[in-house]
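Hello,

Please find the structure below. My notes on what was found in it follow.

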Amino acid sequence: MTETNLVDAAGAVIPAAKLEEFVKKVFRVVGVSEKDAQITARVLVQADWRGIESHGVARLSRYITGIQNGLINPKTKLKLVKETKATAFFDAANGLGQVAGHQAMNYCIKKAKKSGAAWVAVRNSNHYGIAGYYSMLALKHNMIGISMTNSRPLCVPTYSREAIIGTNPISVAAPADREQPFVLDMATSVVPIGKIEVAKRKGASIPLGWAVDKTGQPTTDPAAVLEGGGVLPLGGTAEFSGYKGYGLSVMIDILCGVLTGASFLSLVEKPVDGKPAPANLGHFFGAINIKSFRPLKEFKKTMDLFINILKNSAKAEGCNRIFIAGEKEFEMEESRRKNGIPLDEKTVSSLKDIRNKLGIKFLEF
Ligand code: NDP
């Protein structure tokens, strides 16, 4: 069955370039510069072509509403707050997270070319989408890229019933020679909140161990999670070592929130006087120049060997393939760039809504 068959009757399959052009136009109309609109559109559409629909164009309305309500500044201008040979720290002045992340990661790569490795932090930013977009920028410079952000609180600490930690994602990308690069890109919660919302919409139950209700007890009812509960940290309950995911999430928030002076834990997106307030998110990026440690060719060849040992290990009964993080996404990317991006009915309807409200004469469905 092709992906086209899988799309709802009222959904659509859109060529990647056309979708990107549409998203870019949308950002232009709400006051984003040509260059920044291009970057933001690329980050969103890249999520879709890699099969991460939860963080692609389905979220476009969130950014547009944020700009229109004055919660996100459409003119992203990074201010350098502090710099050393191997570090830099920027204030994004409440601009778009995608633009702030793109610029900060590129700055990090530039510094790592001179210093061997570099770290760049950002405060006062907004939701930056998929963490993997930024780590992967390092690949073409033959570096290992690292990207992290904190996020709004949706996840409960181990033994708590209060959703006060973010789903704080982390991504690490490392190049190989003939093999696809390793690209780990993951939330530090068992699942993103989107999966709970989807289950509720479908009237389905969720697996025990994904989330808790408002009393802090594991539940299979998605509505009970959305009404005062929260998702569990990576691993799940304490019996499944969920405290490790809890620790990872906190580590990311220390780097993105505490170290930068951005918001952290439940202070992220906390309303002020009952009204929505700017998110003040923090991001943290790293670039490691491989040549600082080992000849590049040697590293890449060893990565191939490393990947092959993993992939050729004995398969579990009933399984015929072992994957490397990022592999499925590269395959999805190849197919979607060629055949177009399938969008479900709800996403198509939200894009139509944006198009009609902003009066953009582009993208027929
Ligand atoms: P997934 O659970 O789908 O995947 C996590 C990682 O595991 C990916 O690198 C994936 O690579 C890899 N993986 C999956 N299956 C296998 C397998 N069988 N073998 C080896 N590796 C595997 O991702 P999440 O739901 O955790 O996150 C989805 C996205 O949401 C990410 O892009 C993340 O950055 C983003 N996010 C953003 C937030 C924000 O606030 N900005 C907050 C939370 C999440 P592959 O898919 O290629 O197999």
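**Ligand site**

In this predicted model, a polar backbone atom of G326 is 2.9 Å from an oxygen atom of the ligand. A polar contact here is a pair of N or O atoms within 3.5 Å; within protein, one must be able to donate a hydrogen and the other to accept it, and residues adjacent in sequence count only if both atoms are side-chain atoms. Taken alone, the ligand exposes 910 Å², and the protein buries 77% of that. Accessible areas come from the Shrake-Rupley method with a 1.4 Å probe, and for residues only the protein chains shown count as cover.

Before the rest, two notes on conventions. Residues are numbered from 1 along each chain as its sequence is written, and side-chain values use heavy atoms, with hydrogens and water left out. Because the model is predicted, local features need pLDDT of at least 70 and side-chain atom pairs count only at pLDDT 80 or more, while totals for chains, interfaces and linings use all residues.

An N or O atom in the side chain of D185 is 2.6 Å from an oxygen atom of the ligand. For A131, a backbone N or O atom lies 3.0 Å from a ligand oxygen atom.

The ligand is surrounded by 23 residues, the closest being G129, A131, D185, A187 and G326; a residue counts as near if one of its heavy atoms lies within 4 Å. This shell divides into 12 nonpolar, 7 polar and 4 charged residues. In that division Ala, Val, Leu, Ile, Met, Phe, Trp, Tyr, Cys and Pro are nonpolar, Asp, Glu, Lys and Arg are charged, and the others, Gly among them, are polar. At least two shell residues come from each of β9 (182-186) and α11 (327-339), and β9 gives the most, with 4 residues. Helices (H or I, at least four residues) and strands (E, at least two) are DSSP runs, numbered from the N terminus.

**Aromatic rings**

The count comes to 6 aromatic pairs. Rings of Phe, Tyr and Trp (its six-membered ring) pair if their centres lie within 6.5 Å; planes under 30 degrees apart are stacked, over 60 edge-to-face, and the rest tilted. F90 and Y107 have ring centres 5.0 Å apart and planes at 85°, so this pair is edge-to-face. F90 is in strand β3 (residues 87-91) and Y107 in helix α5 (residues 97-115), so the pair ties together parts 17 residues apart in sequence. F90 is buried at 6% relative accessible area, whereas Y107 is partly exposed at 24% (buried is under 20%, exposed over 50%, partly exposed in between, with a 1.4 Å probe and protein chains only).

The rings of Y134 and F285 have centres 5.7 Å apart and planes at 55°, so they are tilted. This pair links distant parts of the chain, with Y134 in helix α6 (residues 132-136) and F285 in strand β12 (residues 281-289), 151 residues apart. Y134 is buried at 0% relative accessible area, and F285 is buried at 0%. Y128, Y133, Y134 and F285 form one aromatic cluster.

**Backbone**

A93, in the loop between β3 and α5, has a positive phi near 45° though it is not glycine. A93 is partly exposed, with a relative accessible area of 37%.

Regards
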